[in-house]
Amino acid sequence: CRQNIQQHNIDAEVIADDCAGGIHHQYDAVLCNPPFHKGFDTERDLTEKFLRSARNHLKNDGVAFVVVNQFIPVEALAPAFFKSTELVFRDKSFKVFKLSS
């Protein structure tokens, strides 16, 4: 991630944290590829925790992009936290969503 930021001259920072528990700022954008699952077991509570955290760390007009495995039901859970949920990419393994606050 840091290499991509540097290579593309993007003004951003990389923060590794436990579901943003130690982060106390809000951002215009959040990019997230978290472990929404344990193995092949989908845990709704874990997915909701990541989505809630992403929303809480966005400014009012912020956008979050999340990458998840195909079997994670972001499209069903994200509307509880975001105004807009848009699928922007899908292949046989992963989905990428744009979530707007």
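In the predicted model, Glu-86 stands opposite Lys-98 of strand β6, and Arg-90 faces Lys-95 of that strand in the corresponding manner, the two standing opposite each other. These pairs belong to the contact between β5 and β6, which pair in the antiparallel sense over six bridges.

Strand β4 is in turn joined to β1 by five bridges, but here the strands run parallel, and the bridge partner of Tyr-27 in β4 is Leu-58.

Taken together, four strands form an open sheet of mixed pairing, in the order β1-β4-β6-β5. The edges of the sheet are β1 and β5, the latter covering residues 84-90, and each of these strands pairs on one side only. From one strand to the next, the twist averages 15 degrees. Helix α2 packs on this sheet and touches β1, β4 and β6, with a direction that makes about 150 degrees with that of β4.

Helix α2 comprises residues 44-56, a total of 13 residues, and reaches 18 Å from its first C-alpha to its last, which is close to the 18 Å expected at 1.5 Å a residue. Its buried residues are Thr-47, Glu-48, Phe-50, Leu-51, Ser-53 and Ala-54. The spacing of such positions can be read against the geometry of the α-helix, in which there are 3.6 residues a turn, so that residues three or four places apart point the same way. The buried residues of α2 pack against β1 (27-32), β4 (58-69) and β6 (94-100), and also against helix α3 (74-77).

Two loop positions were examined individually. Asn-9 lies in the loop between α1, which covers residues 2-7, and β1. Although Asn-9 is not a glycine, its phi is positive, at about 50 degrees. With a relative accessible area of 72%, Asn-9 is exposed, because the threshold for that class is over 50%.

When its neighbours within four places in sequence are left aside, Pro-79 is in contact with Val-74 and Thr-85. Between Pro-79 and Asp-17, which are 62 residues apart in sequence, the C-alpha to C-alpha separation is 24 Å.

At the level of the whole chain, the protein contains three helices and six strands, and its elements follow the order α-β-β-β-α-β-α-β-β from the N terminus on. The C-alpha trace spans about 35 × 25 × 25 Å along its principal axes. For 101 residues, a compact globule would have a radius of gyration near 13 Å, and the 13 Å computed for the protein therefore agrees with that expectation. Buried residues account for 33% of the 101 residues. The protein exposes about 6900 Å², of which carbon and sulfur atoms supply 49%. Of the contacts between residues at least 6 apart in sequence, 62% join residues that are at least 24 apart.

Notes:
Residues numbered from 1 in each chain as written. Predicted model: local features only at pLDDT ≥ 70, side-chain atom pairs only at ≥ 80, totals over all residues. Heavy atoms only, no water. Expected span 1.5 Å × (residues − 1). Buried < 20%, exposed > 50% of the residue type's maximum accessible area, 1.4 Å probe, protein only. Contact = heavy atoms within 4.5 Å. Pairing = 2+ DSSP bridges. Axes fitted to C-alpha atoms, helices over the stretch in contact; angles between N-to-C directions. Rg over C-alpha atoms; globule rule 2.2 N^0.38 Å. Areas by Shrake-Rupley, 256 points an atom, 1.4 Å probe, with all protein chains shown as cover.
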